[in-house]
Every structure is written in structure tokens, then in C-alpha cells.
Amino acid sequence: MRRRHRFYRHVFVVSLLVMASMPLPYPFRRLALSGTAVLIGLLAVELGQPVRPHQTRRHWSDTLYRWSGLAGIVFQLIWMASPTTFAFVGFPVLLVITLFIFWSLKRLLICLAQETRIGMPVLSGAVAGYLLLGISGGLLFGVMETVAPGSFLNESQGGRELVLSQLPLNAAGLQVWSLDFTRIHYFAFVSLTTVGYGDIIPGTPPAQMASVALSICGPLYLAIVMGLLISRYTLQSETEQERVKGRSAGAPAPPPRSGADSDGP
């Protein structure tokens with residue numbers, strides 16, 4: 001349990017660091033891409049442990065989960081090192097990381113459902129899952145923009161491409177690592193929270209459906225996690241009340257009052 005609580009805190013801290021690197025001046029913003037790889041590795045290592053109740057041995061699904069996380073990191077690094085003209089290598093990133101993130105959220109919810117006391121580590125894990133949705137959504141939207149330029153349009157600049165419009169004309173050999181995905185991540189969190197400012201819009205049907213899916217996942221995650229936390233907190237309060245009643249019922253009778261305080265003759 002202590003290791004699981006440390007994992008909650010670590011995921012929360014790494015997620016905050018990834019988000020904190022996004023507003024930094026370019027090119028330091030690229031640290032967010034490296035942070036997503038670190039985040040995936042942390043999830044693969046910790047959530048790759050047995051997570052189900054009374055599970056003592058690692059199941060084949062645990063091993064497969066770890067391998068999917070490793071594959072996601074490898075494909076992401078290959079995509080980041082690829083030139084923009086060969087960004088079609090992002091297709092495996094879309095498939096593997098989408099599967100891995102949803103699998104991670106499922107395993108995280110299993111862990112949160114086993115908690116008996118709601119404290120700061122548990123709350124950190126719950127918030128980290130929400131941040132993970134936004135960060136991974138920004139990564140996947142960035143992959144979609146490199147695979148199909150014009151997937152997301154910047155309406156504040158006359159409907160120009162959100163990322164690739166800032167590239168020079170001779171950018172054939174420019175690596176994906178050199179791109180700035182801050183606005184993509186911003187749009188991902190705007191979609192996750194269903195705010196919808198309208199300054200960035202999805203321009204293709206796949207991008208539109210991906211934005212809708214992320215907008216559904218945000219409230220759905222909050223509803224599930226809030227239900228889990230409220231039920232655990234209610235159970236925790238009822239258990240503490242029963243303990244108090246048990247102590248009161250089993251308490252020894254008070255000592256008899258002295259003769260000076262008695263009502264006798």
C-alpha cells in the first residue's frame with residue numbers, strides 16, 4: 001500500500017512538471033514531450049504490478065501491459081526523431097498509446113477502488129489520472145497533426161494550420177522533435193474540460209471525433225472517480241462511527257461517587 005501511495009504522488013508530480021514545462025520559452029517547451037515518455041514509463045513499471053484484490057502473482061495481462069508501455073515509448077521516440085515528411089510513423093503511436101492510456105486508467109481505477117481511507121496520496125492519484133488524460137490527449141492530437149496536417153486549425157490566425165504553419169518553406173528534413181505542440185496541449189485540456197473557447201477547431205473528421213471522444217472521457221472520468229471517492233469516504237466515516245460506538249459500549253462503568261457526593265442519609 002505504501003508503494004502504491006508513492007506511485008500516486010510520483011505520477012502527480014511528473015504530470016505537474018509536464019504541464020509546467022509547456023508555458024516555458026521555446027525550445028524548453030519540448031521538455032513536455034520527454035515528460036510524456038517518462039510518464040508512460042512510470043505507469044508501465046508501477047501499474048504493471050498485480051493490481052487486483054488478493055492477486056499475488058503477476059498475470060499474463062500484467063506483462064502484456066508493461067510491454068505495451070515499452071512499445072509506446074519506442075514508437076514515440078521514433079516518431080519524435082522522424083522528419084516531418086515521414087511523420088506517418090505516428091500511426092503506431094496513435095494505436096499503441098491510445099490503448100495503453102485507457103488500459104492505464106482502468107488499472108488506476110482498480111487501485112483507487114481498493115483504497116479504504118481517503119487521504120492526500122489517494123487524492124493525488126485521482127487528480128493525476130485526470131491530468132494524464134489531458135497530457136495524453138495533447139500527445140495524440142500532436143501526432144494527428146503531423147500525420148495529417150490541418151487536422152487542427154487556428155481560428156485566431158485565419159484558420160491556419162496549428163503547428164506546421166510556423167515551419168519554414170524548406171522544412172523537409174525538420175524533425176518532429178523541433179515542433180511546438182503547446183497549443184495542441186492547450187486545445188486538449190480545453191476539450192477535456194468541455195470549455196470550448198473556439199480559438200482552435202478540429203478541421204478533419206478524425207480530429208473532430210477524437211475531440212468528441214476526449215470531451216466525453218473528461219466528465220466520465222470525473223463521475224467515476226467522484227463516485228469511488230465518495231463511497232470510500234462514506235464507508236470510512238461509518239467505520240469510524242462504529243468504532244466510537246463500540247468503544248462507548250465496551251467502556252467500564254464509572255466508579256461510584258464518594259460519600260460526600262452521595263445522596264444517602
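Predicted model: local features only at pLDDT ≥ 70, side-chain atom pairs only at ≥ 80, totals over all residues.
1. Overall make-up. The chain holds seven helices and three strands, and read from the N terminus its elements follow the order α-α-α-α-α-β-β-α-β-α. Of the 265 residues in the chain, 42% are buried. Taking contacts between residues at least 6 apart in sequence, 74% of them join residues at least 24 apart.

2. Helix 2. This helix has 16 residues, and the distance from its first C-alpha to its last is 22 Å, close to the 22 Å expected at 1.5 Å a residue. Its buried residues are Ala-32, Leu-33, Gly-35, Thr-36, Ala-37, Leu-39, Ile-40, Gly-41, Leu-42, Leu-43 and Ala-44. These buried residues of helix 2 pack against helix 1 (2–21), helix 3, helix 4 and helix 5. Several of the points below return to residues of this helix.

3. Val-11, in helix 1. Val-11 belongs to helix 1 and counts as buried because its relative accessibility is 4%, which is under the 20% cut-off. Leaving aside neighbours within four places in sequence, Val-11 is in contact with Leu-39, Leu-42, Leu-43 and Ala-128, and among these Leu-39, Leu-42 and Leu-43 are listed with the buried residues of helix 2. The pair Val-11 and Ala-128 is separated by 117 residues in sequence, whereas the C-alpha to C-alpha distance is 6.1 Å.

4. Not counting residues up to four places away in sequence, Gln-76 touches Leu-33, Thr-36, Ala-37, Ile-40, Val-93, Ile-97 and Leu-139.

5. The largest cavity. A search of the whole structure finds three cavities of 30 Å³ or more, and the largest has a volume of about 80 Å³. Its lining is formed by Met-22, Tyr-26, Arg-29, Arg-30, Ala-32, Leu-33, Leu-179, Asp-180, Phe-181, Thr-182 and His-185. Helix 2 (31–46) and helix 6 (182–192) are the elements that give two or more residues to this lining. By class, the lining of the largest cavity divides into six nonpolar, two polar and three charged residues.

6. The second largest cavity. The volume here is about 50 Å³, and the lining consists of Thr-36, Leu-39, Ile-40, Ile-97, Ile-101, Leu-132, Ile-135, Ser-136 and Leu-139. The elements that give two or more residues to the lining of this second cavity are helix 2, helix 4 (90–113) and helix 5 (120–147), and helix 5 gives the most, with four residues. The lining of the second largest cavity has seven nonpolar and two polar residues, with no charged residues. The lining residues Thr-36, Ile-40, Ile-97 and Leu-139 are also named among the residues that Gln-76 touches.

7. Aromatic pairs. The structure holds eight aromatic pairs. One of them joins Phe-7 and Tyr-8, whose ring centres are 6.0 Å apart and whose planes stand at 45°, so the pair is tilted. Both partners count as buried, Phe-7 at 3% relative accessibility and Tyr-8 at 1%. Elsewhere, ring pairs link Tyr-65, Phe-100 and Trp-103 into a cluster.

8. Thr-85, in a loop. Thr-85 lies in the loop between helix 3 and helix 4 and is partly exposed, with a relative accessible area of 47%. Thr-85 and Leu-174 are 89 residues apart in sequence, and their C-alpha atoms are 8.3 Å apart in space.

9. Thr-194 and its backbone angle. Thr-194 is placed in the loop between helix 6 and strand 3 (200–202), and with a relative accessibility of 48% this residue counts as partly exposed. What is the phi of Thr-194? The phi value is near 55°, which is positive in a residue other than glycine. Most residues other than glycine have a negative phi.

Methods
Residues numbered from 1 in each chain as written. Heavy atoms only, no water. Contact = heavy atoms within 4.5 Å. 1 Å grid on protein atoms, 1.4 Å probe; cavity = no way out; pocket = protein on both sides within 12 Å on 5 of 7 lines; lining within 4 Å. Points joined across faces, edges and corners; volume = space filled by probe spheres on them. Nonpolar A, V, L, I, M, F, W, Y, C, P; charged D, E, K, R; others polar. Buried < 20%, exposed > 50% of the residue type's maximum accessible area, 1.4 Å probe, protein only. Expected span 1.5 Å × (residues − 1). Phe/Tyr/Trp six-rings, centres within 6.5 Å; stacked < 30°, edge-to-face > 60°.
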